[in-house]
Amino acid sequence: MAPSNEGDASALGEWRRWSSVDSRILTKVRSSVFCGYYYFGAHAFGLFWEAAFGMVLEGGNLEPRLTWLILLLLLLVEFSCILALALVEVDHWTTNLVISRFGLILAVDLLKLVEAPLGACALRRLVTTLEMVTHLRVIKWQLVLPAAHEVVGVGPPLNADNGISLTWEDLWVTVPDAKGSRRPIIKGLTGYAQPGEVLVIMGPSGCSKSTLLDALAGRLGANTRQSGDILINGRKQTLAYGTSAYVTQDETLITTLTVKEAVYYSAQLQLPNSMTKSEKKERAEMTIREMGLQDSMNTRIGGWGAKGLSGGQKRRVSICIEILTRPKLLFLDEPTSGLDSAASYYVMSRITKLDQREGRTIITSIHQPSSEVFGLFTNLCLLSSGRVVYFGCANATNEFFASNGFPCPTLQNPSDHFLRTINKDFDEDIEQGSTGKRATEEVIEILVRSFKSSDGYREVKRQVSEICKRGGTGSSLEKSRSHASFFTQCLVLTKRSSVNMSWDLGYYWLRLAIYVTLSLGVGTIFYDIGSGNDSIQARGAMLSFITSFLTFMTIGGFPSFVEDMKVFERERLNGHYGTTAFVIANTLSAVPYLFLISIIPGALAYYLSGLRPGFEHFLYFDSVLFTCMVLVESLMMIVASIVPNFLMGIITGAGIQGLMILGGGFFRLPNDLPKPFWKYPLHYIAFHKYAFQGMYKNKFQGLTFPTYQTGRRGVITGEYILKNEFQVEMGYSKWVDLGILLGMVVLYRVLFLAIIKIVENVKPAVSKFMYVKPKQNIQVMENPTATPIHMN
């Protein structure tokens, strides 16, 4: 509990016991509370002298020099109030209030000096109002200080009642093997993580560090099964949104955004509508400063072809995004992977400050930390082949190894020694004191048996039992947290996606250049095609090329969309927003760019070839072209939701479109198509059928062409050409074809949404249906309901 505004010494002592902050921060808190008191004391002193000054002025018997001296004294008192508030770091709005009040008081006193009592009285009323608002905000920010203040380094950490203690007991995880049975990769692990501590999971490659982290976070794959109890504060419960977060090993970030944009957009998505935009922006900037990225706020994250942030900075941006909601439980999967020792230390030091300052429970896996990084950890869980070799205080690990005959050599990194001792990939003999060398497998068995029979293991069991007892009698966690409304999510996602599309050259701009080049090629080949009999087939060929092959190039944006899908998957798993908001925002943000890359190339091809005059015909032509591009992009979105690998996705999408083009009715007329598969159902489900027919009707209906088939000059109508040459269905107008295309756009988008929803909701439902309580330790269950992460 934080000390009250009366400065209770016992409360301050209690707070110090719960807090892990150093004496510098405690000193700052005391100074901050003192400055808050000073503000009110100085203000009261100023009011007293102002009243006395007013009475003296009314008497009219004060020398001018003394009048100005008293006025200067009052101004100094008011200025000292501003300095006091600057020291305690109130919000900007309160500071502006104080400065405004300071200026008004100066005006009041000057009006009194020039004998304008009515004006002074009116301003004094405004000053009184500002004083009341200022006092209320100072009380809110300062005298209830450390409970509500969010300035870095000020405020107590969450205590055990508000924090999250995570325990797991007899945890097993199995995966299927080649023989059809199941192989355990985590074997009967027991451990705990408490508020204000950093638990690090360490071990050689392939020892199931990430699997353990995923099991605790509720992110195991569909083919895995687990058994055992995972409890939150001694209970089986699900955390509310925003109370837990997971930072993945890969930096799945939007590379075209700056650090400030990435964090601020995420803040708008995650934080509730009850917070104003300025408060969300302030939270984002404060989080950026917490992770030491204030000098890189306007630097783009960067990706292929564009230099941006370093690996360590990208990792810190990922952490920034996940701690915006101030989660009580934070998972990090190898946050130092790929970083040098200096960057690793900087990243981990920032992470460890989070638990000290705010009482978070932090669980992280790490591969091979330096000695400086290892010294930052509170507890260590050392794994080998899915078994626990050691669990306990990180500083006592060397003592445990030494007691079993494997001391860390002088001047050697302890973590290097631990990992070398328990790494059996290379099966080197390990020296055990003066008794000679032992095989690595034998050394691991010695250490595992030693830990199981040690006081450290019994202490782990005791801690787990104590946490469960304490959690069973304590208050339950908050059941819900609000985030941005659905409308806000759609709006922010649309804006973020538009910014990304505008800066990503491969998303639309490169396609626009290719489309313009192809359109110029089509326009020059079919330049001024004319209206003779020989132009009929040329017109049909040109329209078919534009409808099929020009729209075919829309798959070029597939790699960029796959990157968007990766970001979406990470943010969806962490509950930032829902699937529907993503689909709507992606559709709305893509429409202007697709319209741009359809109207410019379309105009070039249409007018260079001299197709049918009339703006209404060009408008229909471009509407079909635009709709076909949206359709192909929607189709590739469906492919991306099923085949996330961009190379396989491009091949799959190209194959699907190739089949649709063949069955569309141009290369083989509709009546000549083989009925099985090609005519029924492919010809009718391929959008090319309706695009071809709409384009043909728009071009030929109402026109006549000369013919010389009978040896004499005659005319042939466009309707005859449509019915006999292209076998177009004439029972409905071209607008019906366009309407069918628009309906297919909606269908494809809904199908994309449905596929993601199936993956999101049906899999957990099936896993829950298949769940069976294990009777023995070796029995397993699929994705138990006792996982701590809330899946949105």
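Q: What makes Ser208 count as buried?

A: In this predicted model, Ser208 has a relative accessible area of 11%. Buried means under 20%, and Ser208 is therefore buried. The residue lies in the loop between β3 (197-202) and α7.

Q: How do you know whether Lys328 is buried or exposed?

A: Lys328 has 12% relative accessibility. With the limit for buried set at under 20%, Lys328 therefore counts as buried. Lys328 is part of the loop between α10 (311-322) and β6 (329-333). Along the chain, Lys328 and Glu358 are 30 residues apart, while their C-alpha atoms are separated by 8.4 Å.

Q: What makes Thr167 a buried residue, and which residues does Thr167 touch?

A: At 2% relative accessibility, Thr167 falls under the 20% limit and so counts as buried. Thr167 is placed in strand β1 (residues 166-176). Not counting residues up to four places away in sequence, Thr167 touches Gly191, Tyr192, Asp229, Ile230, Leu231, Val464, Ile467 and Cys468.

Q: What qualifies residues for the largest nonpolar core, and which of them touch the most other members?

A: Membership requires a buried residue of a listed nonpolar type, joined to others through side-chain atoms within 4.5 Å. The largest such core has 167 residues, of which Trp168, Leu212, Ile363 and Leu382 touch the most other members. Helix α22 (residues 615-642) gives the most to this core, with 17 residues. Leaving aside neighbours within four places in sequence, the contacts of Trp168 include Leu189, Tyr192, Leu199, Leu212, Leu216, Ile230 and Phe391. Across the protein of 792 residues, 52% count as buried.

Q: What makes α22 and α25 roughly parallel or antiparallel?

A: The axes of α22 and helix α25 (residues 687-700) come within 10 Å and cross at roughly 170°. Angles over 145 degrees count as roughly antiparallel, so α22 and α25 are roughly antiparallel to each other. The contact involves residues including Phe621, Leu625 and Cys628 of α22 and Phe687, Ala691 and Met695 of α25.

Q: How do you know whether the peptide bond from Tyr680 to Pro681 is cis or trans?

A: Its omega is near 10°, and the bond is cis. Most peptide bonds are trans. Pro681 lies in strand β13 (residues 680-681).

Q: Which residues does the record annotate as "transmembrane region", and what secondary structure does the chain have over residues 582-607 and 738-759?

A: The unreviewed UniProt entry gives this annotation to several segments, including 508-529, 582-607, 619-640 and 738-759. Over residues 582-607 the chain is 100% helix and 0% strand, with end C-alpha atoms 38 Å apart. Residues 738-759 are likewise 100% helix and 0% strand, and their end C-alpha atoms are 32 Å apart. The protein as a whole comes to 27 helices and 15 strands.

Q: Which residues qualify as contacts of Thr211?

A: Contact means heavy atoms within 4.5 Å. Leaving aside neighbours within four places in sequence, Thr211 is in contact with Val173, Ile185, Ile186 and Leu220. Thr211 is found in helix α7 (residues 209-217).

Methods:
Residues numbered from 1 in each chain as written. Predicted model: local features only at pLDDT ≥ 70, side-chain atom pairs only at ≥ 80, totals over all residues. Heavy atoms only, no water. Buried < 20%, exposed > 50% of the residue type's maximum accessible area, 1.4 Å probe, protein only. Helix = DSSP H or I, 4+ residues; strand = E, 2+ residues; numbered from the N terminus. UniProt positions renumbered as here; feature names shortened; annotations may be inferred. Axes fitted to C-alpha atoms, helices over the stretch in contact; angles between N-to-C directions. Parallel < 35°, antiparallel > 145°, perpendicular 65-115°, else oblique.
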